[in-house]
Amino acid sequence: MFERFTRGARATVKGAVAQAERAGAGSVTEEHLLLALLEQEGGRAAFAVTALGLHDRRASLDAAFAEARRRGGLTKADTDALAGIGIDLGAIVSRVEGAHGEGALDADRRGRRWWSGHRPFTPGAKTVLENALRVALGRGDRFIGEEHLLLALTAKPGVVADVLADHGATYTAVQRALYGSVADGGDGEGDADQGRAQAG
């Protein structure tokens, strides 16, 4: 699969590893892939990221990811589902952090030492890479570029897609920014479903 990656897509993957190293993370996540995409310049994805205003809201993105890590990586849907059965996740996080320190629920806490120097990709990050191939094939492209990675990130349910959607970067919005008008002329409803269908 990696032989199909463009130079920019390969730089994004390498950048994701560098993001994980800077964060002291033990593995490369979807968040690291997105942060690496935000640092890319001169490609179709960089244009879309700029057009959607994500560069200007980097601090807001970072804060949203920090809050999600604080919740143990649970999505808003997870949090809402728990609230629906009477479980206040905020109260639980506060009690755990009161007893064990801030960020106690972060699954990939800083401060670990990784002697091998190798950081594996999480299953979620691997899924994004695989879905980028599906997005490219669905578009009839013979290569996998940063734009396919960006679309795959919006299509995979989870924290990154939630944060992107909260910042106006749904699958349809990204598709419009990348390619112009969307064939179905959708109004944003069903973005996640459309993205998941495209990504496989």
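**The whole chain**

Start with everything shown. The model is predicted. Colour by secondary structure: the chain has eleven helices and zero strands.

The accessible surface of the chain is about 10400 Å². Carbon and sulfur atoms hold 51% of that surface. Of the chain's 200 residues, 44% count as buried. Contacts also reach along the sequence. Take those between residues at least 6 apart: 64% of them join residues at least 24 apart.

**Stop one: glutamate 31**

Select residues 30–39. This is helix H2, and glutamate 31 sits in it. Is glutamate 31 buried or exposed? Its relative accessible area is 13%, under the 20% cut-off, so glutamate 31 counts as buried.

Next, show what surrounds glutamate 31. Setting aside neighbours within four places in sequence, its contacts are Phe65, Arg69 and Val160. Pick phenylalanine 65 and draw a distance between C-alpha atoms. Glutamate 31 and phenylalanine 65 are 34 residues apart along the chain, yet their C-alpha atoms are separated by 7.7 Å.

**Stop two: isoleucine 85**

Move to the loop between helix H5 (76–84) and helix H6 (89–100); isoleucine 85 is found there. Isoleucine 85 has a relative accessible area of 65%, over the 50% cut-off, and is therefore exposed.

Which residues make the nonpolar surface patch here? Ile85, Ile87 and Ile92 make the patch, which covers about 260 Å².

Methods: Residues numbered from 1 in each chain as written. Predicted model: local features only at pLDDT ≥ 70, side-chain atom pairs only at ≥ 80, totals over all residues. Heavy atoms only, no water. Helix = DSSP H or I, 4+ residues; strand = E, 2+ residues; numbered from the N terminus. Buried < 20%, exposed > 50% of the residue type's maximum accessible area, 1.4 Å probe, protein only. Contact = heavy atoms within 4.5 Å. Areas by Shrake-Rupley, 256 points an atom, 1.4 Å probe, with all protein chains shown as cover. Patch = residues over 30% accessible without salt bridge, like charges linked within 9 Å, V, L, I, M, F, W, Y side chains within 5 Å. Salt bridge = Lys/Arg side-chain N within 4 Å of Asp/Glu carboxyl O.
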